[in-house]
Amino acid sequence: MSRLLCTDQVRVTEITPALAVILHELERAAREIGVPSVIYVTAVHNGTHMKGSRHYTNEAVDCFTAHGVAWPDVQSFIAQLQMALGSKFVVLHESAGTPNSHLHIQPRRGTVYP
């Protein structure tokens, strides 16, 4: 069974509707697909992101699995999570193949959620 944890650096200043949906669907998708480890949320409002990032409005999440544990099938997980979130959201695999490999999840650019 997977668990969804936040690293010590994660800062949330507001639980927005988008953030609530992202976290809920992330945990549910991990449970359904059987991610066999902890999923760490590494950024919400914290960190340095590009100007205008949805992180600064508490509407984006960065996450990865426990160090040394690969996603069982990252593309299947992304597809399942994207389907659960719907067309107003985007799920990106950023820095794939590097030590900074992570998922970035947010409402699509130009959309307002809800």
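Colleague: Two strands pair if DSSP finds at least two bridges between them. In which sense do S4 and S5 pair, and over how many bridges?

Modeller: S4 and S5 pair in the antiparallel sense, over 6 bridges. One spot to look at is Glu-94, which stands opposite His-102 in S5. Before you go on: this is a predicted model, where local features need pLDDT of at least 70 and side-chain atom pairs count only at pLDDT 80 or more, while totals for chains, interfaces and linings use all residues. Residues are numbered from 1 along each chain as its sequence is written, and side-chain values use heavy atoms, with hydrogens and water left out.

Colleague: Which other strands pair up?

Modeller: S3 and S5 run antiparallel and are joined by 3 bridges, with Asp-62 opposite His-104 in S5. S2 and S3 are antiparallel as well, over 4 bridges, and there Val-41 has Cys-63 in S3 as its bridge partner. Strand S1 (residues 3-6) pairs with S2 in the parallel sense, over 4 bridges.

Colleague: How many residues of S5 are buried?

Modeller: S5 is mostly covered, with 6 of its 6 residues buried. Buried means under 20% relative accessible area, exposed means over 50%, and partly exposed is in between, using a 1.4 Å probe and protein chains only.

Colleague: Where's the core, then? Which residues touch the most other members?

Modeller: The largest nonpolar core has 22 residues, and Leu-26, Ile-39, Val-61, Cys-63, Phe-77, Leu-81 and Ile-105 touch the most other members. At least two core residues come from each of helix H1 (17-33), strand S2 (38-43), strand S3 (61-65), helix H2 (74-85), strand S4 (89-94) and strand S5 (102-107). H1 gives the largest share, 6 residues. By nonpolar core I mean a set of buried Ala, Val, Leu, Ile, Met, Phe, Trp, Tyr and Cys residues joined through side-chain atoms within 4.5 Å. In soluble globular proteins, nonpolar side chains tend to be buried together.

Colleague: Let's stay on H1. Which of its residues are buried?

Modeller: Ala-18, Leu-19, Ile-22, Glu-25, Leu-26, Ala-29 and Ala-30. Looking down the axis of H1, those buried residues fall within an arc of 140 degrees, so they line one face of the helix. The arc is taken from the directions from the helix axis to the C-beta atoms. An α-helix has 3.6 residues a turn, so residues three or four places apart point the same way.

Colleague: And what does that face pack against?

Modeller: The buried residues of H1 pack against S1, S2, S3, H2, S4 and S5. Contact here means heavy atoms within 4.5 Å.

Colleague: What follows H1?

Modeller: Gly-34, whose phi is positive, near 80 degrees.

Colleague: Which residues other than glycine have a positive phi?

Modeller: Among them are Asn-58, with phi near 60 degrees, and Ser-95, with phi near 55 degrees. Asn-58 is in the loop between S2 and S3, and at 2% relative accessibility Asn-58 counts as buried. Ser-95 is in the loop between S4 and S5 and is partly exposed at 33%.

Colleague: Where is there a cis peptide bond?

Modeller: Between Tyr-113 and Pro-114, with omega about 5 degrees. Pro-114 is in the segment after S5. Most residues other than glycine have a negative phi, and most peptide bonds are trans.

Colleague: Changing topic: is Gln-106 buried or exposed?

Modeller: Gln-106, which lies in strand S5, is buried, with a relative accessible area of 11%. Leaving aside neighbours within four places in sequence, Gln-106 is in contact with Ile-22, Arg-54, Glu-59, Ala-60, Phe-89 and Val-90.

Colleague: Where is Arg-54?

Modeller: In the loop between S2 and S3. Arg-54 is buried too, with a relative accessible area of 13%. Not counting residues up to four places away in sequence, Arg-54 touches residues including Gln-106, Pro-107 and Tyr-113.
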